[in-house]
Amino acid sequence: VGGWPYIISWLKETPDPAKWPSAEVLDQLGTCLPSRSPAQLFAALYAILSSPKLGCTPKSLVRIEKILARNVSQAFNLSTVEHSMPLIKEIAASGPIISARFKTVLKLLAVAMEVREASGNLQSETWQKLLGKIQDLRAAVDVKTSKGWQQLTMSEVDFVEELKAVAERSLKMAMENEEVLRQKQ
């Protein structure tokens, strides 16, 4: 009757194994859902299937992780980062386990937005600060991750490197600009 929004809202309710279908049914749902289904649906299902209250380790978790990773990896585009942020925040809010996993993703996207906003800024101090944040993020990316999150981790690493390259180029240009201004004085 309510379609995906109803199912997503039901899955986001406080976990209650007494009201849920069996773990096998939920696992089957995670296995059978078309990968083009809404990412929010997979995030909510992941929150339930990864809950210790469920009392088992569903086989579909790796598939769901891969689907979520693919969806989130698409957000790692400097030109569209601000449009992706609401979806990523919604996915991250699906539960404590996914929220912990997405903490670095959200920080990475926030820094990417800062890099975009600083575009054209010719103050070296701005770019030095951003470069420091980017290096901190690189250290925060957890390369020891479960099989399903590997694509996301590699995308995080690649995006951090892309941001670092942009910041380094911009810092170099800003320093050159400041040198030219000093010489004119």
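These legends describe close-up views of a predicted model.

**View 1. Helices H2 and H3 pack against each other.** Helix H2 covers residues 23-32 and helix H3 covers residues 39-49. The two pack at an angle of about 145°, and their axes are 11 Å apart. Their crossing is left-handed. On the H2 side, the residues in the contact are Leu26, Asp27, Leu29 and Gly30. These meet Leu45, Ile48 and Leu49 of H3. Sorted by class, the contact of H2 with H3 has 5 nonpolar, 1 polar and 1 charged residues.

**View 2. Helix H3 is mostly covered.** Of the 11 residues of H3, 11 are buried. Among them are Ala39, Phe42, Tyr46 and Leu49. Gln40 is also one of the buried residues of H3.

**View 3. Helices H3 and H4 meet in a left-handed crossing.** The axes of H3 and H4 come within 10 Å and cross at roughly 145°. From H3, the contact takes in Ala39, Phe42, Ala43, Leu45, Tyr46 and Leu49. From H4, the contact takes in Leu61, Arg63, Ile64, Glu65, Ile67, Leu68 and Asn71. By class, the contact of H3 with H4 has 10 nonpolar, 1 polar and 2 charged residues.

View 4. Arg138 is 75 residues from Arg63 in sequence, and their C-alpha atoms are 26 Å apart in space.

**View 5. Helices H7 and H8 run roughly antiparallel to each other.** Helix H7 spans residues 124-140, and helix H8 spans residues 150-184. Their axes come within 9 Å and cross at roughly 160°. Because angles over 145 degrees count as roughly antiparallel, the pair is placed in that class. H7 passes H8 in a left-handed crossing. H7 contributes Ser124, Trp127, Gln128, Leu131, Ile134, Leu137 and Arg138 to the contact. The residues of H8 in this contact include Val157, Val160, Leu163, Ala167, Leu171 and Met175. Glu161, Lys164, Glu168 and Glu178 are also among the H8 residues there. By class, the contact of H7 with H8 has 11 nonpolar, 3 polar and 5 charged residues.

**View 6. Ala139 is an exposed residue in helix H7.** The relative accessible area of Ala139 is 67%, and exposed means over 50%. Ala139 and Val157 are 18 residues apart in sequence. In space, their C-alpha atoms are 9.8 Å apart.

**View 7. The largest nonpolar core has 53 residues.** In soluble globular proteins, nonpolar side chains tend to be buried together. Within this core, Leu68, Phe102, Leu109 and Val115 touch the most other members. The elements that give two or more residues to the core are H2, H3, H4 (61-73), H5 (81-92), H6 (96-118), H7 and H8.

**View 8. Val115 and its contacts away from its sequence neighbours.** Val115 is one of the core residues that touch the most other members. With neighbours within four places in sequence left aside, Val115 is in contact with Leu78, Trp127, Leu130, Ile134, Leu163 and Val166. Of these, Trp127 and Ile134 of H7 and Leu163 of H8 also take part in the contact between those two helices.

Terms used. Residues numbered from 1 in each chain as written. Predicted model: local features only at pLDDT ≥ 70, side-chain atom pairs only at ≥ 80, totals over all residues. Heavy atoms only, no water. Axes fitted to C-alpha atoms, helices over the stretch in contact; angles between N-to-C directions. Helix = DSSP H or I, 4+ residues; strand = E, 2+ residues; numbered from the N terminus. Left-handed = near helix turned anticlockwise from the far one by under 90°. Contact = heavy atoms within 4.5 Å. Nonpolar A, V, L, I, M, F, W, Y, C, P; charged D, E, K, R; others polar. Parallel < 35°, antiparallel > 145°, perpendicular 65-115°, else oblique. Core = buried A, V, L, I, M, F, W, Y, C linked by side-chain atoms within 4.5 Å. Buried < 20%, exposed > 50% of the residue type's maximum accessible area, 1.4 Å probe, protein only.
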